[in-house]
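Biologist: Could you walk me through this one before I set anything up? I'd like the overall picture to begin with, and then the charged residues.

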Amino acid sequence: MANNTPLTATPQWKALEAHRAALGSTHLRALFAQDPGRAQRFTFEAAGLTADASKQRITAETLTLLLQLAEARGLTAKRDAMFRGEAINTTEKRAVLHVALRAPKTSRIEVDGADVVPQVHEVLSRMRAFATAVRTGTWKGHTGQRITAIVNIGIGGSDLGPVMAYEALRFYAQRDLTVRFVSNVDGADLAEAVRDLDPARTLFIVASKTFTTQETMENAGSARRWLLAALKDEQAVARHFVAVSTNEAEVRRFGIDPANMFGFWDWVGGRYSMISAIGLSTMVAIGPEHYDALLGGFHAMDEHFRTAPLEKNLPVVLGLVGLWNNDFLGAASVAVLPYEQYLKRFPAYLQQLTMESNGKSVTLEGEAVSAPTGPIYWGEPGTNGQHSFYQLIHQGTRVVPCDFIGFCQSLQPLGRHHALLLANLVAQGEALAFGKTAEQVKAEGVTGALVNHKVFEGNRPSTTILADRLTPAVLGSLVALYEHQTFVQAAVWGINAFDQWGVELGKVLAKAVASELEAAKEPTLAHDGSTNALIRHLRARRA
């Protein structure tokens, strides 16, 4: 499945370049005028989601050419290879099977000839039993008291996914359980998380596959000391700490009973792991039944992605439209704008999913990419963002494609709140697409130089994604949608979406710098002049 021809040299890419030139600056106003049925033509449905891409700067020909490019780059074959459990993560020689984490018991997915689905369900069964014990009070702390607070300690995929899922599904959470998350090695993160908690009623979930992740284990060690300062008995650790890990020796050394260690597999990447054992805190918070619904939503989108024709395949279409914006329209970022307060951490989660996956500059063959990859993802919930950065989106010099996400029904109906929220969602997409002309501004009585200040160019692309309600199943579908469209883009670019070598260098250098900062005597420094100066300044001021 290697793509030996540089992407930009393929005839399909050349055809898209010619199409882009022919389309020129054609405005969305003109596209809607030419095609009154455009909204229906470019609306797609899957797994409880409806996506209107009609406000994207595309035509039927654009989509046809993009699909031809995807087929020429082997998208279908690459997708099928992933679902078969082949080692498509070539730099680490691993399968990529987050889809197995949400597969029903009746499925069969093999890695190296072994069906992994029974392993997944064995871990899920243990997670359900543990979550039920904590939620019902059967699990007791060292002093015999019920657990009332859960603190998840992790970083990266061991934090961003669980935090996002907890915040998104807080409506469904057991409210007599306090659930908090610690990720930053900055001591303030842990200190503030535990400052008002009772050690005798607090349970820590330490999430680290290797149980050696520097930030996670530093936080876990400090949490252990905090606990023991109050409970005074090393035996307490086993009742107040559990592990999501595969390193039994280190887990045991920490004082955690290996019976309370929940494992996962090297075919699960960190940013795709939120519904592996990494989701233990989520299951404790919302309960096994809602967690199963979450898995069901993921699987529904998986099946759609695996089986739907490409031209009706929601992750395929949205992934290709994103590639069109990035590579042909020069839009280097994507604003994700959920009009739902419960999704306040969703943009942050997507930042890791998309940018750690597709922030690559070499192909699978190790050659330099020939087209821009990895757009920058960012965002905030509406309507907050409207009073922050929407000014740039509407009238700035950069085109920022937007994903608006909304729900037809509110989980918290309160007066007119939800109607106003949805009105803003719809209005922002309309304003971005169609803007306001100078003639319209003048017709409002504006004159002189002020006219130009009040003109909105429009022609700024957006997609609106809607669902009936934010349920666990819908959240699963939504996350899987972005997982798969990230894969679609990687397949076309010919890059590996499943490694993250760029994370490593800073970690390695930080270990050396830490020893130099903490050295009792002035160390011999061999960094560049700036780094040496910074270390000396920090040593002097820390003292």
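Modeller: A word on charges before anything else: Lys and Arg count as positive and Asp and Glu as negative, while His and the chain ends are not counted. Please also keep in mind that this is a predicted model.

Biologist: Fine. With that counting, how far apart are the mean positions of the positive and negative charges?

Modeller: The protein has 53 positive and 53 negative charges, and their mean positions are 4 Å apart.

Biologist: And the fold, how many helices and strands are there?

Modeller: The protein has 22 helices and 13 strands. Its radius of gyration is 25 Å, close to the 24 Å that the globule rule gives for 543 residues, so the protein is as compact as a globular protein of that length. Along the principal axes, the C-alpha atoms fill a box of roughly 75 × 60 × 55 Å.

Biologist: What share of the residues is buried?

Modeller: Of the 543 residues, 53% are buried. As for the surface, the protein exposes about 23,300 Å², and carbon and sulfur atoms supply 53% of that area. If you take the contacts with a separation of 6 or more, residues 24 or more positions apart account for 73% of them.

Biologist: Back to charges, then. How many salt bridges does the search find?

Modeller: Searching the whole structure gives 23 salt bridges. One of them joins the side chains of Asp302 and Arg102, at 2.6 Å from N to O. Asp302 belongs to helix H13 (residues 288–307) and Arg102 to the loop between helix H5 (75–84) and strand S3 (110–111), so this pair ties together parts that are 200 residues apart in sequence.

Biologist: Are those two buried or exposed?

Modeller: Both Asp302 and Arg102 are buried.

Biologist: Where do Arg306 and Glu303 sit relative to each other?

Modeller: They are three residues apart in helix H13, which means that about one helical turn separates Arg306 from Glu303. Their side chains form a salt bridge at 2.8 Å, N to O. Arg306 counts as partly exposed at 36% relative accessibility, and Glu303 is likewise partly exposed, with a relative accessible area of 26%.

Biologist: What about Arg539 and Glu522, what distance do you get there?

Modeller: The salt bridge between the side chains of Arg539 and Glu522 comes out at 3.6 Å, N to O. Since Arg539 lies in helix H22 (residues 529–542) and Glu522 in the loop between helix H21 (504–518) and H22, the pair ties together parts that are 17 residues apart in sequence. Arg539 is buried, with a relative accessible area of 14%, whereas Glu522 counts as exposed at 53%.

Biologist: Now Arg57, which is buried yet has no salt bridge. What is the nearest side chain of opposite charge?

Modeller: That is Glu457, 6.6 Å away from Arg57, and a salt bridge would need the side-chain nitrogen within 4 Å of a carboxyl oxygen. Arg57 itself lies in the loop between strand S2 (49–52) and helix H4 (60–72). Leaving aside residues up to four places away in sequence, the residues that Arg57 touches include Arg20, Trp324, Asn459 and Pro461.

Biologist: Asn459 has a phi I'd like to check. What is the value?

Modeller: The phi of Asn459 is positive, about 60°, although this residue is not a glycine. Asn459 is placed in the loop between helix H19 (450–453) and strand S13 (462–467), and at 7% relative accessibility it counts as buried. Lys93 also has a positive phi without being a glycine, at about 55°, but Lys93 counts as exposed at 70% relative accessibility. Its place is in the loop between H5 and S3.

Biologist: Where is the cis peptide bond?

Modeller: The bond from Gly382 to Thr383 is cis, with omega near 10°. Thr383 is in the loop between strand S11 (376–378) and helix H16 (390–395). For context, most peptide bonds are trans.

Biologist: Last topic, helix H7: how many of its residues are buried?

Modeller: Nine of the nine residues of H7 (residues 160–168) are buried, so this helix is largely enclosed by the rest of the structure. Among the elements that cover the buried residues of H7 are strand S6 (178–182), helix H12 (280–286), helix H15 (346–358) and helix H20 (472–493).

Methods:
Residues are numbered from 1 along each chain as its sequence is written. This is a predicted model: local features need pLDDT of at least 70, side-chain atom pairs count only at pLDDT 80 or more; totals for chains, interfaces and linings use all residues. Side-chain values use heavy atoms; hydrogens and water are left out. Helices (H or I, at least four residues) and strands (E, at least two) are DSSP runs, numbered from the N terminus. Buried means under 20% relative accessible area, exposed over 50%, partly exposed in between (1.4 Å probe, protein chains only). The radius of gyration is taken over C-alpha atoms; the globule rule is 2.2 Å times the number of residues to the power 0.38. Contact means heavy atoms within 4.5 Å. Accessible areas come from the Shrake-Rupley method with a 1.4 Å probe; for residues, only the protein chains shown count as cover. The place of a charge is taken as NZ of Lys, CZ of Arg, CG of Asp or CD of Glu.
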